[in-house]
Amino acid sequence: MPKIITALPGPKSQATLAKSRQYEPQSMSDQVPLVWDHAEGVHIWDVDGNEFLDWTSGVLVTNVGHSHPRYVAEVQDQASKLINCYDFLSQPRADLAEKLVSITPPHLDRCFLVTTGTDATEAALRMARRASKGWEVLAFHGAFHGRTYGAASAGGSMGVKKGFGPMVPGFLHAPFPYCYRCQFGRSLDECDTFCLKYLDYLVSKESCDELCAVITEPYQGGAGSITPPPGYFEGLDKWAKDRGLVFIFDEVQSSFGRTGKMFAFEHFDIKPDLVTLGKGLGSGVPCSAVMGTSAIMDILPPGSMGSTNGGNPLSSRAALTAIGIIEDEQLVDNAAKMGELFRARFEAIQQKHEQLGDIRGMGLVWGLELITDAKSKGPDADLTRRVINNAFQRGLCVIAPIGIHKNVVRVAPPLIISEAEANESLDLFEAAFEAAL
Ligand SMILES: Cc1ncc(COP(=O)(O)O)c(C=O)c1O
């Protein structure tokens with residue numbers, strides 16, 4: 001259980017933070033001042049010896065837990081043999097491609113390996129355009145697909161766009177179903193998924209008849225774990241298929257057990273043409289992929305797409321090992337089971353405190369939207385920041401506030417979390433929340 005032995009941040013942490021402020025741009029993020037030294041499973045130690053429980057998994061990366069012994073041993077062994085061979089073939093790369101094809105639906109029979117989630121987004125967009133006549137892509141307000149120009153342009157998250165323009169042309173943006181704050185002022189019981197119907201209107205007004213693809217996340221993580229209502233993705237899948245569009249599902253964040261299924265698309269009756277993977281795929285060593293149909297991917301001629309580090313032997317072996325651990329230790333089932341425990345505790349807190357306005361999530365990824373009061377539903381960014389700071393002081397590491405209004409607490413522990421660790425972390429959170437109120 002976490003042990004805090006210095007005032008936070010401790011003296012060594014303060015020195016490292018000062019060094020960073022002197023030499024690094026502060027553009028990255030706004031996390032609590034935790035300087036990580038080492039981590040094991042769900043536990044993190046800072047450079048001063050303070051111990052924390054982890055609700056971050058890095059940022060939804062270390063699904064198998066930090067420094068899993070089997071993972072470390074395989075990575076060490078591979079590092080001693082071969083780390084990079086550019087796009088020459090290696091055994092781990094071919095094995096990983098085979099494995100990923102075997103655990104995804106049969107129509108996704110090709111695997112293209114790259115390094116970051118953003119690389120995967122860019123690759124999927126390029127593939128969709130190359131395989132189609134058109135070049136326009138329908139995307140969503142609030143979406144996050146990465147920070148390079150193509151990925152940021154596809155995204156609807158304004159923080160990565162403002163001041164960086166002009167963006168890449170060819171993207172149309174539609175409202176995403178954020179039912180807690182419906183953009184159309186409707187309620188779910190009477191709207192008949194109006195936001196799906198609105199797509200035709202949007203396309204008729206904004207498209208030059210060049211639409212080739214739709215890109216979406218299964219839930220919008222960065223925008224505040226915004227989770228569409230039942231039936232939405234089935235409707236979107238049909239809408240895309242009726243128009244002959246490539247349906248791109250961005251599972252960079254949601255895959256490898258995170259939502260209580262190996263892939264989030266398994267929650268829905270849909271058939272995406274391209275699925276992007278990242279984060280939990282490598283579970284620490286950077287690795288990402290686009291899974292796709294041979295109809296799309298076999299169009300790409302040699303040399304048209306590749307990368308220096310994509311599919312390198314080290315990341316491929318790390319990803320293969322992470323998938324093996326997820327399967328052998330039944331981490332998908334654990335995420336689903338622990339997820340129910342988290343949901344029940346959050347609902348109990350909500351019963352007591354109206355400021356916990358909305359609870360959204362699946363498996364081990366939750367967004368808790370904090371508000372001033374139930375009547376106005378005013379977003380409370382200050383309360384959110386206080387909760388996260390209080391949690392840090394108590395030994396619980398939580399990612400900086402997310403959401404369009406920065407009033408959402410993100411909960412994403414490693415999938416190996418035990419019931420005792422889950423309960424302890426929830427006790428710490430509840431105490432931090434009540435102190436912040
Ligand atoms: C849904 C989604 N897509 C793409 C990305 C970009 O991934 P990366 O930061 O590895 O480039 C992220 C990262 O948070 C993400 O959550």
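Are Trp-55 and Phe-346 buried or exposed? Both Trp-55 and Phe-346 are buried in this predicted model. A search of the whole structure finds 21 aromatic pairs. Trp-55 and Phe-346 form one of these pairs, edge-to-face, with 6.3 Å from centre to centre and 80 degrees between the planes. The pair links distant parts of the chain, 291 residues apart. Trp-55 is in the loop between strand 3 (51–54) and helix 2 (57–60), and Phe-346 is in helix 12 (residues 331–352).

Another edge-to-face pair is that of Phe-176 and Tyr-232, where the centres are 6.2 Å apart and the planes stand at 70 degrees. Phe-176 lies in the loop between strand 6 (171–174) and helix 7 (188–191), while Tyr-232 belongs to helix 9 (residues 232–242), so the pair ties together parts that are 56 residues apart in sequence. Phe-176 is buried, with a relative accessible area of 1%, and Tyr-232 is buried too, at 0%. These two residues belong to one aromatic cluster, together with Phe-140, Phe-233, Phe-247, Phe-249 and Phe-268.

Charged side chains also meet rings. Arg-186 lies over the face of Phe-194, 3.8 Å from the ring centre. Lys-377 lies over the face of Tyr-180, 4.1 Å from the ring centre.

The last stop is Met-305, in the loop between helix 10 (294–297) and helix 11 (313–328). Its relative accessible area is 19%; Met-305 counts as buried because the cut-off is under 20%. Leaving out residues up to four places away in sequence, Met-305 touches Phe-112, Ala-123, Arg-126, Met-127 and Leu-300. Met-127 is 178 residues from Met-305 in sequence, yet their C-alpha atoms are 9.0 Å apart in space.

Conventions. Residues are numbered from 1 along each chain as its sequence is written. Side-chain values use heavy atoms; hydrogens and water are left out. Helices (H or I, at least four residues) and strands (E, at least two) are DSSP runs, numbered from the N terminus. Buried means under 20% relative accessible area, exposed over 50%, partly exposed in between (1.4 Å probe, protein chains only). Contact means heavy atoms within 4.5 Å. Rings of Phe, Tyr and Trp (its six-membered ring) pair if their centres lie within 6.5 Å; planes under 30 degrees apart count as stacked, over 60 as edge-to-face and the rest as tilted. A charge sits over a ring if NZ of Lys or CZ of Arg is within 6 Å of the ring centre and within 35 degrees of the ring normal.
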